[in-house]
Amino acid sequence: MKKYVLDLKVTSTTRPHERYVLLKLTHENPLPEMLPGQFAELKVDGSPSTFLRRPISINYIDRERNEVWFLIQMVGDGTRKLAELKPGDRLNVVMPLGNSFTVPEVKSERVLLVGGGVGTAPMLYLGKTLVDAGIKPTFLLGARSAKDLLEIDLFQELGDVYLTTEDGSAGEQGFVTQHSILTQQKFDRIATCGPKPMMMAVAKFARNSGITCEVSLENTMACGVGACLCCVENTKEGHVCVCKEGPVFNIDRLLWQI
Amino acid sequence: MADLSVNIAGMQMKNPVMTASGTFGYGLEYADFINLEDIGGIIVKGTTLKPREGNPYPRMVETASGMLNCVGLQNKGVDYFCENIYPQIKDIQTNMIVNVSGSCPEDYAECAARINELERIPAIELNISCPNVKQGGMAFGVTPEGAYSVVKAVREAYKKTLIVKLSPNVTSVVDIARSVVDAGADALSLINTLMGMAIDIEKRRPILSIATGGLSGPAVKPVALRMVWQVAKAVQVPVIGLGGIMNADDAIEFLLAGASAIQIGTANFIDPTVTVKVAQGINDYLERHGCKSVSEIIGALED
């Protein structure tokens, strides 16, 4: 897929949460084709301690409005700077980068999308892509607390949504891997993104249940295009770049001890 | 349009802008962003005789105005390069240069001999300055004797333009430069990364997997510029300057300090189109100063 450097224009910026910003951006020309699970490298201006671009997953593509959405957790100075953008500002973006989650060809496949924390972000566009492909996704989304669960109304438009929170303030109390849906329903495929311990627990459940499972990794990266070899994950084929051969990996390729 | 062409020890380049090894893959990774043929040369990822897995993750940490890396020369070996990569890059109409590394002079020489057979590779850049491998790499580049021995061995095996990349992690870069030229180097490139370190204070552990790494980016530019200036005055062969070049102004500083060409490395990560912007910016500078050719500003510091 051809990659682009684009000066996108901010159409809206909202704070759905004290630690998150949702940036919606557009361009004069139609946005390039982008696949669920792919990411972009966002240039950060005006932050003295930020040197590299910030890799951010694609949250959603609104084709009617020609918008790409990024749901960004404010972690350091770079992401906080991105949160200061205002409508009309320009943001230099390299995209689309990386591979994508598999969209099954068999429409009857039962696909479970598991997201934790900010890892729920790519699940929205994956869910939309699955719906467009004639597959009804099921979402299992986890967070610390009810206020940390974002875009739930949008997920509910796409499929059944099950929630867990660590404090029990929404959905079932506990971690996503403890949710009753996992024992009540059968799934053929799981796609997951979130904190690594969560993804490892999901991967373990999938392996033990004989379910195909893809995880989205977020190793620290520089170039984003497979040139610098900084973001490698050790796999059965040796070190491979998460930015180019990932970020999405079938768990059978990885050397995770699960 | 000024004449941007330069000649590095017999290798003709359309402009003095090259890409630094390890920051531009094999060029193909950036083909969506720029016309690769608009830059003077592309130095592809470090290649060794045998495949190398490199160091474990984490390999990179961002620092103030730069980054540390300890990739450790991950590559699939020279045979893989010759059979799988070379056919993909040989028709790109620019100077495709292979960065060669090794763990002993014999390995360097054998790897260089293999590259010598590749018709469309006009030069190699000998890496005697990688700070991230235990054996070889920088170990050769930090003493005049070590540098001499490996360059001498490669010179006998390699007939085309031989560029040697120098380490800044030395007491006297000029002494190393002279030794390398005595051993038969056609040109020098400097600087490789400066050895550095970062610590996670919560875990009380080094962030990088092998504790130390090479610092690159604008943080190192003044050090690089000083070394290029010193070496260019001391040797008769062309010097290629690199280290933290982010824009045309930075590149022009290196040219004025005596570099006949420059390499852009880490800046490619921030702007994948930076190389062509720098070439254009050098042209604009030359026109603004009434220069017909880039050669007029190489080493042209006022007294």
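Okay, let's start in chain B: helices α6(B) and α7(B) are roughly parallel to each other, because their angle falls under 35 degrees. Their axes, lines fitted to C-alpha atoms over the stretch in contact, come within 9 Å and cross at roughly 25°. Helices here are DSSP runs (H or I, at least four residues), and strands are E runs of at least two. Quick background: this is a predicted model, where local features need pLDDT of at least 70 and side-chain atom pairs count only at pLDDT 80 or more, while totals for chains, interfaces and linings use all residues. Residues are numbered from 1 along each chain, chains are lettered from A in the order written, and side-chain values use heavy atoms, without hydrogens and water.

So who touches whom in that helix pair? On α6(B) we have B:K221, B:A224, B:L225 and B:V228, and on α7(B) there are B:D250, B:E253 and B:F254; contact means heavy atoms within 4.5 Å.

Now, the two chains. Chain B puts 33 residues into the contact and chain A puts in 30. About 2,500 Å² is buried between them, with 61% from carbon and sulfur atoms; that's accessible area (1.4 Å probe) lost on being put together, summed over both parts. On the chain B side, B:Y57, B:E62 and B:I270 lose the most, together 26% of what that side buries.

How many salt bridges cross the interface? Two, by the rule: a side-chain nitrogen of Lys or Arg within 4 Å of a carboxyl oxygen of Asp or Glu. There's also a salt bridge joining A:K3 and B:D32, at 3.9 Å, N to O.

How values were computed: Axes are lines fitted to C-alpha atoms, for helices over the stretch in contact, and angles run from 0 to 180 degrees between N-to-C directions. Angles under 35 degrees count as roughly parallel, over 145 as roughly antiparallel, 65 to 115 as roughly perpendicular and the rest as oblique. Buried area is the accessible area (1.4 Å probe) that two parts lose on being put together, summed over both.
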